[in-house]
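Work through the exercises below with the model open. Try each task before reading its solution.

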Amino acid sequence: MARPKKCRRICGMPQVDSFVPLLRESAAEAQDSLPPVEMTLEEYESVRLIDLLGCTQEDCARQMEVARTTVQAVYDSARKKLAEALVQGKTLVIRGGSYVLCPQSGQCCGENCGSCVRCAGDRCSGCCRFSGSNSKQGESSE
C-alpha cells in the first residue's frame, strides 16, 4: 500500500495561473491541437523559492514542510514542465496539487521586499522559516 501524499505548504497563490505563447498565424493553428502543460501549485512554489528567491533545496524543504528529496523531485518535475512549455510552444497552466496555503500568506508579498508586514529584508520571516546564511537567527517557529 502506498504512503499517503503529504500536503506541501505554499506561501500564496500565483498572480497569473496560465501562460500562452504568442504565435504566428501558421503556428497558432498547430498550437491549438497541443495539450497544455499542467504545473501543480507546489511545483510553482519550488521554482519561486529556488529560482526567484535564491533559496537552497534545504531551505525550500523547510518552508514547504517536506523532505529535501521531495523538493528535489518536485523541482525537477517543474523544470521539465517549464522546458516543455517553452521549447514546444505549449500553454502552461498552474493549478491543483497537494498543498496547504500558509496562514500568513495574506500579510506577506512573498518576495522578501523588506517593506511589507512580514518581510525582514533578505528572507520572508513571517511565513517562511529559513535557516540559511541569510536568515535571522532564532526566528524559526518550528
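The model is predicted, so local features need pLDDT of at least 70 and side-chain atom pairs count only at pLDDT 80 or more, while totals for chains, interfaces and linings use all residues. Residues are numbered from 1 along each chain as its sequence is written, and side-chain values use heavy atoms, with hydrogens and water left out.

**Exercise 1.** Determine how α2 packs on α3.

*Solution.* 
- Locate the helices: α2 spans residues 41–52 and α3 residues 57–64. Helices are DSSP runs of H or I with at least four residues, strands are E runs of at least two, and both are numbered from the N terminus.
- Take the axes: they come within 10 Å and cross at roughly 135°. That makes α2 oblique to α3.
- Apply the angle classes: under 35 degrees is roughly parallel, over 145 roughly antiparallel, 65 to 115 roughly perpendicular, and the rest oblique.
- List the contacts (heavy atoms within 4.5 Å). E42, E45, S46, L49 and I50 of α2 meet Q57, C60, Q63 and M64 of α3.
- Sort these residues: 4 are nonpolar, 3 polar and 2 charged.

**Exercise 2.** Are α2 and α4 roughly parallel or roughly perpendicular?

*Solution.* 
- Take the axes: they come within 8 Å and cross at roughly 95°.
- The two helices are therefore roughly perpendicular to each other.
- Find the contact residues: α2 gives E42, E43, S46, V47, I50 and D51, and α4 gives V71, V74, Y75, S77, A78, R79, K81 and L82.
- Sort them: 7 nonpolar, 2 polar and 5 charged.

**Exercise 3.** Which residues of the largest nonpolar core touch the most other members?

*Solution.* 
- Define the set: buried Ala, Val, Leu, Ile, Met, Phe, Trp, Tyr and Cys residues joined through side-chain atoms within 4.5 Å.
- Pick the residues: of 19 members, M39, L49, I50, C60, M64, V71 and L92 touch the most others.
- Trace the sources: β3 (37–39), α2, α3, α4 (68–88) and β4 (92–94) each supply at least two core residues.
- Follow M39: leaving aside neighbours within four places in sequence, M39 contacts Y44, A78, K81, L82, L92, V93, I94 and R95.

Conventions: Axes fitted to C-alpha atoms, helices over the stretch in contact; angles between N-to-C directions. Nonpolar A, V, L, I, M, F, W, Y, C, P; charged D, E, K, R; others polar. Buried < 20%, exposed > 50% of the residue type's maximum accessible area, 1.4 Å probe, protein only.
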